[in-house]
Amino acid sequence: MIARGESIGAVRVTDARARRARTALALALSLGGLWLAGCSSGDDGVSPGPPTTYVEAEPNDFNAQSLGALDSTDITVGGAASSDADVDLFSITLSEPMDLFVQLDWTGGQDLEFAVSDDQGVFVTFVDTGARPEACTLPVLGASTRLIRVGSRSSSPANYVLTIGPR
Ligand SMILES: [Ca+2]
Ligand SMILES: [Ca+2]
């Protein structure tokens with residue numbers, strides 16, 4: 001079909017090339033969209049510096065504990081999921097666009113989970129694989145404030161470490 005266009009004239013060649021470019025762009029955008037909607041797991045091993053540490057402070061079930069602004073340094077939070085009724089909410093402000101890495105690790109056989117919100121506070125990414133640690137890298141998030149919600153499916157308490165950082 002493209003060869004036929006090329007044989008007809010320069011205008012058709014241009015049309016065919018433009019069509020090919022549009023098709024390639026649409027494909028790239030759709031693949032990019034799928035990629036953006038997903039959550040790749042694992043840490044690429046690039047940690048930009050020693051982490052800033054926080055200790056979880058209850059009550060935080062309804063009002064998020066602020067972890068300040070995230071720039072080039074990881075933040076870690078030491079917390080406790082006291083039961084499956086405990087919800088731990090944190091807010092983090094991304095100072096600039098970045099790939100956001102979030103990891104939740106704990107000791108014990110409990111089943112913990114976390115979720116990350118969009119820039120409107122609506123939870124859009126849920127990470128609960130049954131594995132430990134749970135981890136996720138959200139690509140190309142704009143400067144914004146995000147909520148991170150830690151929860152547990154286990155009735156017994158578990159201490160955890162939440163790591164948040166740019167990647
Ligand atoms: Ca807690
Ligand atoms: Ca809580």
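Trainee: How many bridges join S1 to S3?
Mentor: Four, and the two strands run parallel. Strands here are DSSP E runs of at least two residues, numbered from the N terminus, and two of them pair if DSSP finds at least two bridges between them. Keep in mind that this is a predicted model: local features need pLDDT of at least 70, side-chain atom pairs count only at pLDDT 80 or more, and totals for chains, interfaces and linings use all residues. Residues are numbered from 1 along each chain as its sequence is written, while chains are lettered from A and ligands numbered from 1 in the order in which they are written.

Trainee: Which residue stands opposite Tyr 54?
Mentor: Val 77, in S3.

Trainee: What's the strand order in that sheet?
Mentor: S1-S3-S10-S5-S8, an open sheet with mixed pairing. S1 (52–55) and S8 each have a single partner strand, so one side of each has no neighbour in the sheet.

Trainee: And the S2 sheet, what order there?
Mentor: S2-S4-S9-S6-S7, open and mixed too. S4 and S9 run antiparallel, joined by seven bridges. Leu 94 has Ser 144 in S9 as its bridge partner.

Trainee: Switching to the core: which residues touch the most other members?
Mentor: In the largest nonpolar core, with 22 residues, those are Val 102, Leu 112, Ile 148, Val 150 and Tyr 160. Such a core is a set of buried Ala, Val, Leu, Ile, Met, Phe, Trp, Tyr and Cys residues joined through C-beta atoms within 7 Å; buried means 20 or more other C-beta atoms within 10 Å of a residue's own, with C-beta atoms placed from the backbone.

Trainee: Which strand gives the most?
Mentor: S5, with five residues.

Conventions
Buried ≥ 20, exposed ≤ 12 C-beta atoms within 10 Å, placed from the backbone.
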